[in-house]
Amino acid sequence: MTRKTRRLWLVLICIACFGTAIGLILRAFSSDIVFFVTPSQIVASPPPDHRLVKLGGMVVAGSVHYSKHKETPVVTFDVTDGRTAVTVTYQGILPDLFREGQSVIVIGTVTSKHRFTASEVLAKHDETYMPKEVADALRKSGKWDPRFGPPPPDIWHSNQN
Amino acid sequence: MPDSIPPRSCTSHTMITRTRHFFHYYANPGRFYHISTRIQPYVTYSALFFTFIGLGWGLFFSPPDWQQGDTVRIMYIHVPTAILASAGYAALALCGLSTLVWQHPLANLAAMEIAPVGACATALCLITGSLRGKPMWGTYWVWDARLTSVLILFFLYLGHISLIRAFEDKQRGYQAAAILALAGVIDLPIIKFSVDWWNTLHQPDSITLTRAPTISRSMLWPLILSMLGFSLGFCALVFARLRAAILEVRIRALLFPSHRRSNIV
């Protein structure tokens with residue numbers, strides 16, 4: 001084994017050890033690295049009062065209600081992960097992408113078991129990109145309705161343009 | 001006939017020797033200088049050509065997205081710079097490996113010249129992502145796994161840029177920066193898989209090796225052209241910088257022959 005080969009092995013072993021260490025650290029902290037918790041996690045183990053949590057899920061179709069509190073608009077909607085839903089109340093301006101069926105992340109506090117008061121609403125968009133006409137055509141043909149979540153993966157094989 | 005087929009071990013051995021020859025041949029700074037000078041105009045002009053076509057198509061002629069509207073056009077700059085940020089760092093790590101193992105003079109110079117270009121790509125990626133985040137997500141910045149790991153990549157670049165220039169003895173600077181580059185390479189898989197391992201605000205990748213792309217072809221083509229143009233542009237910038245660096249070393253060697261052993265390349 002020449003000196004160069006020995007150095008090569010040394011460097012590779014160092015990278016492998018360092019990588020394992022980082023991997024173990026990330027694994028240990030993975031519950032803190034996640035950006036949001038799901039409604040079923042919140043219902044199963046409610047966080048302490050007044051603690052700021054980030055709740056992520058899909059806006060349930062037909063659950064969005066607008067009202068007015070003095071001059072500011074108030075909106076209530078249900079956020080679901082498919083198993084359970086939490087009703088969110090929010091006062092303020094919603095991001096442009098907010099709509100039924102959209103994934104959102106709401107930041108705020110849990111007030112009771114299925115109720116949540118949000119101080120901030122972030123909209124999460126998915127990884128599908130298509131022109132508006134394609135989305136409309138899919139909706140018209142009944143293959144996919146955006147109000148009920150992201151498009152199924154197989155629509156891409158028949159409807160690309 | 002049968003004795004014309006060499007045994008297997010012999011083939012792999014000749015292949016290793018041949019690869020070694022290949023690297024020794026092309027990694028020589030002088031030869032690299034001549035070859036890169038010859039291909040520089042082709043790389044530069046094709047970079048300009050593809051960037052012009054890709055960005056022109058993407059920014060003006062591609063359709064708006066059904067949910068993001070015209071804001072989706074930021075993607076044609078954001079995605080190429082994001083890919084180059086990671087690819088540039090991978091190149092930096094390869095340079096670091098050959099600095100530490102083979103003490104290669106061209107790898108030292110390449111590491112010095114790639115890092116600032118990569119840092120600019122990362123900065124552009126962060127800025128465009130943030131500008132797109134405000135209208136789409138409703139915020140310029142969140143501390144989710146994808147955004148944070150890219151910010152760490154940016155700091156790794158900045159650390160590399162300052163570390164490689166921080167020593168009186170250049171060789172020590174090259175080696176210290178090489179260690180940083182190799183340690184930081186752990187961040188690349190974290191960036192890539194952050195959107196799959198943890199739930200994040202950032203969406204998962206639309207273009208993957210295993211699945212069909214979840215992006216309409218009318219948007220995929222300008223994106224691919226733009227990626228090609230940006231990548232060629234990255235190469236053109238690195239080639240130009242590297243050629244200047246090689247010339248600088250040559251001139252210093254001519255002016256100060258006594259420093260030749262310690263402070264050159």
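In chain A, strands β5(A) and β6 (residues 115-124) pair in the antiparallel sense, with nine bridges between them. Two residues separate β5(A) from β6(A), and together the strands make a hairpin. One of the bridges sets A:Val104 against A:Ala123 in β6(A). Bear in mind as you look around that this is a predicted model.

Strand β5(A) has another partner as well: β1(A) runs antiparallel to β5(A), and six bridges join them. Here A:Gly56 sits opposite A:Ile105 of β5(A).

| Strand pair in chain A | Sense | Bridges | A bridge or facing pair |
|---|---|---|---|
| β5 and β6 (residues 115-124) | antiparallel | nine | A:Val104 and A:Ala123 |

On the level of domains, chain A is split into domain 1, covering 1-33, and domain 2, covering 34-124. Between the C-alpha centres of these two domains of chain A there are 41 Å.

Now to the place where the chains meet. Chain A brings 36 residues into contact with 38 residues of chain B. On the chain A side, the elements giving two or more residues are α1 (3-28), α2 (30-33), β6, α4 (132-140) and α5 (155-158). Helix α1(A) gives the most, with eight residues.

Take B:Leu92 as an example: leaving aside neighbours within four places in sequence, B:Leu92 is in contact with B:Ala111, B:Ile114, B:Ala115, B:Gly118, B:His160 and B:Ala181.

Finally, a word on confidence. The model scores ipTM 0.82 and pTM 0.86. Chain B averages a pLDDT of 87, and 87% of its residues score at least 70. Within chain B, helix α5 (residues 145-164) has the highest confidence, at a mean of 95, while helix α9 (residues 260-263) has the lowest, at 50. Over residues 1-10 of chain B the pLDDT is below 50, and this stretch has one contact in the model beyond near neighbours in sequence. Where pLDDT is low, predicted coordinates should not be read in detail.

How values were computed:
Residues are numbered from 1 along each chain as its sequence is written. Chains are lettered from A and ligands numbered from 1 in the order in which they are written. This is a predicted model: local features need pLDDT of at least 70, side-chain atom pairs count only at pLDDT 80 or more; totals for chains, interfaces and linings use all residues. pLDDT is the predictor's confidence in each residue, from 0 to 100. Helices (H or I, at least four residues) and strands (E, at least two) are DSSP runs, numbered from the N terminus. Two residues are in contact if their C-beta atoms, placed from the backbone, lie within 7 Å. Two strands pair if DSSP finds at least two bridges between them. Domain bounds come from an automatic or database domain assignment.
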